[in-house]
Amino acid sequence: MRYTSILTVVLMGCLLLTGCGQSYQETKRLSREQRLRLAREDSAALKIAVMPTLDCLPIFIAEDHQLFDTIVDIRLKRYTAQMDCDTAIINSRVEGSVTDLVRAERIKKQGDSLTYFTATNAYWQLISNRHARITQLKHLDDKMLAMTRYSVTDLLGDLVVDSAKLKTERVFRIQVNDVNVRLKMLENNEMDALLLTEPQATQALLGKHKVLLDTRKEDIRMGAIVFRAHGMDDAKRKQQMEVFLKGYNAACDSINHFGVRHYKDVIRKYCNISEQALNALSDSLRYTHAASPRPKDIERAQQWLSKIKDRGLIRKGK
């Protein structure tokens, strides 16, 4: 009797161990299948690289307020450095990206085919640290300027140097790609001047720093949303693009009707700025329906890229 009881316990233990083994293998198989399924779904989705900046606001609102028709899968891929957005679209990890014309034209020059979905209302401000006592462009001599190489901020750095008749080597351009890090360097008095777009510019100006240049006054419009040309002509992608366009335009209309600050919750979620900065954002900012960039802005970007190529500043693969 005792032997039978012991044997029963052993058999039950073996069955339990076998069951656990099967469960573990089943879990591994399901996990692998789930990963493959998620990868297939992500590959089929329309993916957009975005930054924590207000030129992305219509996309953020369309996503959060379900203005994109749910019959298609549209996903946002969030980055804080434009070069990461570039890498994502070059390597086909995303179909579209919010960018600037300089970066887009450079990618095209390197052999990647892009199409312009729309210009954006992005503008950039050159802001000087109030502790650096820089009140005019000429005061940037022997100062540090935070920017990103091969971008609109690089172009604007040249514009500043030329306008103030400074020597190029006397304005020390420091590459700071992450927009949040760039802002933090100003707030920590680690940088003399920097180029920012919204909402980081509004956050910076709360510290009583000075605006030395504003691209709106220079009639420079360099913001853009681009898509890869390759693989976008099948029926499913066309349907996704139609839905994206409809949602984008509807979000622009909503912002113009209610004002930017009406969407403080969305801006807070995606841009991570202070409550004070959220309340200081201008409600006069307007968003237009999707429309191609102005030819003169594209030409400005192309001319600048040719200029720095002639100076030997563009190297293949860089």
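Two strands pair here if DSSP finds at least two bridges between them. Helices (H or I, at least four residues) and strands (E, at least two) are DSSP runs, numbered from the N terminus. With that in place, take V50: its bridge partner in β2 is R78. The strands concerned are β1, residues 46-50, and β2, and they pair in the parallel sense over five bridges.

Some ground rules. This is a predicted model, where local features need pLDDT of at least 70, side-chain atom pairs count only at pLDDT 80 or more, and totals for chains, interfaces and linings use all residues. Residues are numbered from 1 along each chain as its sequence is written, and side-chain values use heavy atoms, with hydrogens and water left out.

Now the sheet. It is open, has five strands, and runs in the order β2-β1-β3-β10-β4 with mixed pairing. Its edge strands, each pairing on one side only, are β2 (74-78) and β4 (114-119). On average, neighbouring strands are turned by 30° against each other, direction ignored. Axes are lines fitted to C-alpha atoms, for helices over the stretch in contact, and angles run from 0 to 180 degrees between N-to-C directions.

Next, a helix on strands. Helix α4, residues 101-109, lies across β3 (96-100), β4 and β10 (223-228). Its angle to β4 is about 165°.

Then a helix pair. How do α2 and α9 cross? The axes of α2 (residues 57-64) and α9 (residues 264-271) come within 10 Å and cross at roughly 105°. That makes α2 roughly perpendicular to α9, because angles of 65 to 115 degrees get that label; under 35 is roughly parallel, over 145 roughly antiparallel, the rest oblique. Contact means heavy atoms within 4.5 Å. From α2 come L57, F60, I61, E63 and D64; from α9, V266, I267, K269, Y270 and C271. These residues split into seven nonpolar, no polar and three charged. Nonpolar is Ala, Val, Leu, Ile, Met, Phe, Trp, Tyr, Cys and Pro; charged is Asp, Glu, Lys and Arg; the others, Gly among them, are polar.

Buried or exposed? Q240 is buried, at a relative accessible area of 1%. The cut-offs: buried is under 20%, exposed over 50%, partly exposed in between, with a 1.4 Å probe and protein chains only. Beyond neighbours within four places in sequence, Q240 is in contact with A44, A45, L46, V72, D73 and I74.

Finally, the whole chain. It has 11 helices and 10 strands. Of its 318 residues, 46% count as buried.
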